[in-house]
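Here is a briefing on the fold shown below.

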Amino acid sequence: MSGRSSAERVALAAQNERVMAVFEGAGFDHIAPDILQPADIFLERSGEDIRANSYVFTDPEGAEMCLRPDLTVPACRYHLMHAVRPDSEARYCYCGPAFRFTQGGRAPSEFGQAGIEWLAAPDSEASEAKVLALAIAAVKAAGLKRFRVKLGDLNLFHALLDGLDMPERWRRRLIHQFWRPQAFRETLARFAAREELSRTSISPFVDQVMNKDAKGTQGWVESECERRGLAPVAGRSAEDVAARLADKAADRSAHPLAPEAVHAINAYLAIEGDAASALRQLETMARSETYREALERYRRRIAAMRAEGLRPEDFFFAAPFGRNLEYYTGFVFQIEADAALGPLQVAGGGRYDDLLSDIGSPVPVSAVGCAIGTEQLLAAMGGRS
């Protein structure tokens with residue numbers, strides 16, 4: 001941001017003021033979360049882009065810290081430090097810098113984010129529709145006239161997998177790879193393979209634990225590490241290594257994923273269209289009670305959007321869309337606009353119900369929010385505000 005001209009800085013400040021007026025006018029409290037954050041939260045719960053490009057360092061006492069690479073996690077930590085109860089309803093808004101390293105200077109290392117986080121809202125679908133409506137209202141207030149809205153629903157995908165016959169570890173792996181299309185396809189193909197899986201560098205170790213239980217596998221790993229003089233690698237303990245080998249051994253002896261299950265997954269991921277008509281395609285996938293419950297939440301969300309004055313027919317739903325942040329658990333959205341150098345993501349958000357528990361809340365706390373990239377928004381309007 002320091003390389004901007006005086007006119008650009010003035011335009012950015014004026015734009016941000018209009019964005020924040022929308023959020024504050026809707027009853028969200030303006031907060032300023034800490035810039036310095038514990039690194040492990042981001043490294044464990046965010047996407048690959050954040051993990052690879054965070055500014056991480058060790059403080060004098062040996063704790064691993066980072067400059068905040070986004071403001072959602074800092075806002076959640078602010079809530080846990082200041083709320084009377086973790087599960088008390090709270091609505092926060094913020095506008096400030098975040099920091100991510102980029103190779104070759106393709107984008108600024110410091111960039112602005114303005115956003116909202118709604119914690120412990122009493123009505124999940126109504127709060128999701130309201131956050132989407134506020135994000136749209138904010139970019140419009142900033143002056144953006146032409147944009148596209150893209151939607152996804154991770155909860156539907158999780159519910160689909162729950163209704164298919166497969167080992168639980170396979171479900172976890174497919175969910176973990178959801179944000180990586182090529183890796184997801186390769187993982188699915190391995191689970192469906194009827195021929196013997198090709199051997200890799202880890203195969204000889206898997207051979208050694210094929211008939212061992214969890215305790216025996218861990219004991220073998222510990223003895224091998226001691227015999228070879230090996231130290232833990234990348235923070236993995238002997239228990240972590242043993243668990244991975246046990247999973248590999250179980251995969252080798254498991255029945256392949258049924259063709260019907262592979263077809264169901266591929267059919268689901270092919271669903272796309274406007275958010276209203278996509279409902280008809282999603283209904284054809286109903287195989288379990290869990291999926292039907294997720295589908296009912298989708299219907300309620302569509303109704304809540306209409307109640308907010310939004311037209312779901314104007315939004316594009318894509319089943320494979322999940323945004324590249326691993327803490328999302330359900331509804332997700334993204335606002336895109338065309339700029340001189342191509343499409344720009346100017347805003348995005350969604351539901352992340354597990355995050356507060358992951359960072360220390362003793363009770364579950366539902367959460368939904370969004371963030372606007374303030375420089376991207378200005379660029380989408382040609383640098384004018």
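Strand β2 is joined to strand β4 (residues 64-67) by 3 bridges, and the two run antiparallel. Within that pairing, Gln37 has Cys66 of β4 as its bridge partner. The model is predicted. Its protein chain holds 16 helices and 12 strands.

**The three-stranded sheet**

- β2 and β4 belong to an open sheet of 3 strands, ordered β2-β4-β3, with antiparallel pairing.
- β2 (36-38) and β3 (56-58) are the edges; each has a single partner strand, so one side of each lacks a neighbour in the sheet.
- On average, neighbouring strands in this sheet are turned by 40 degrees against each other, direction ignored.

**The nine-stranded sheet**

- A further open sheet has 9 strands in the order β1-β5-β6-β12-β11-β10-β7-β9-β8. Its pairing is mixed.
- Its edge strands are β1 (29-30) and β8 (272-274), and each pairs on one side only.
- Glu272 has Ala318 in β9 as its bridge partner.
- Helix α4 (residues 72-82) packs on this sheet. The strands it touches are β5 (90-99) and β6 (110-119). The direction of α4 makes about 135 degrees with that of β5.
- Helix α14 lies across β7 (148-153), β9 and β10 (331-339). It runs at about 155 degrees to β7.

**Helix pair α6 and α14**

- The axes of α6 (residues 154-162) and α14 (residues 289-307) come within 8 Å and cross at roughly 165 degrees.
- That angle makes α6 roughly antiparallel to α14, because the cut-off for this class is over 145 degrees.
- The crossing of α6 with α14 is left-handed.
- From α6, the contact residues are Asn155, Leu156, Ala159, Leu160 and Asp162. From α14, they are Thr290, Tyr291, Ala294, Leu295, Arg297 and Tyr298.
- By class, this contact of α6 with α14 has 7 nonpolar, 2 polar and 2 charged residues.

**Helix pair α8 and α12**

- The axes of α8 (residues 181-192) and α12 (residues 259-269) come within 11 Å, crossing at roughly 160 degrees.
- α8 is therefore roughly antiparallel to α12.
- α8 passes α12 in a left-handed crossing.
- Phe184, Arg185, Leu188 and Ala192 make the contact from α8. Val262, Ile265, Asn266 and Leu269 make it from α12.
- By class, the contact of α8 with α12 has 6 nonpolar, 1 polar and 1 charged residues.

**Residues to inspect**

- Glu125 lies in helix α5 (residues 124-142). Its relative accessible area is 7%, so Glu125 counts as buried.
- Leaving aside neighbours within four places in sequence, Glu125 is in contact with Arg297, Arg300, Arg301 and Ala304. Arg297 is also one of the α14 residues that meet α6.
- Ala120 sits in the loop between β6 and α5. It has a positive phi of about 55 degrees, although it is not a glycine.
- Most residues other than glycine have a negative phi.
- Ala120 has 16% relative accessibility, and it counts as buried because the cut-off is under 20%.
- Asn324 is in the loop between β9 and β10. With a relative accessible area of 41%, Asn324 is partly exposed.
- Asn324 and Phe178 are 146 residues apart along the chain, yet their C-alpha atoms are separated by 9.2 Å.

**Whole-chain figures**

- Of the 385 residues in the protein chain, buried residues make up 47%.
- Among contacts between residues at least 6 apart in sequence, 70% join residues at least 24 apart.

Note on methods
Residues numbered from 1 in each chain as written. Predicted model: local features only at pLDDT ≥ 70, side-chain atom pairs only at ≥ 80, totals over all residues. Heavy atoms only, no water. Axes fitted to C-alpha atoms, helices over the stretch in contact; angles between N-to-C directions. Helix = DSSP H or I, 4+ residues; strand = E, 2+ residues; numbered from the N terminus. Parallel < 35°, antiparallel > 145°, perpendicular 65-115°, else oblique. Left-handed = near helix turned anticlockwise from the far one by under 90°. Contact = heavy atoms within 4.5 Å. Nonpolar A, V, L, I, M, F, W, Y, C, P; charged D, E, K, R; others polar. Pairing = 2+ DSSP bridges. Buried < 20%, exposed > 50% of the residue type's maximum accessible area, 1.4 Å probe, protein only.
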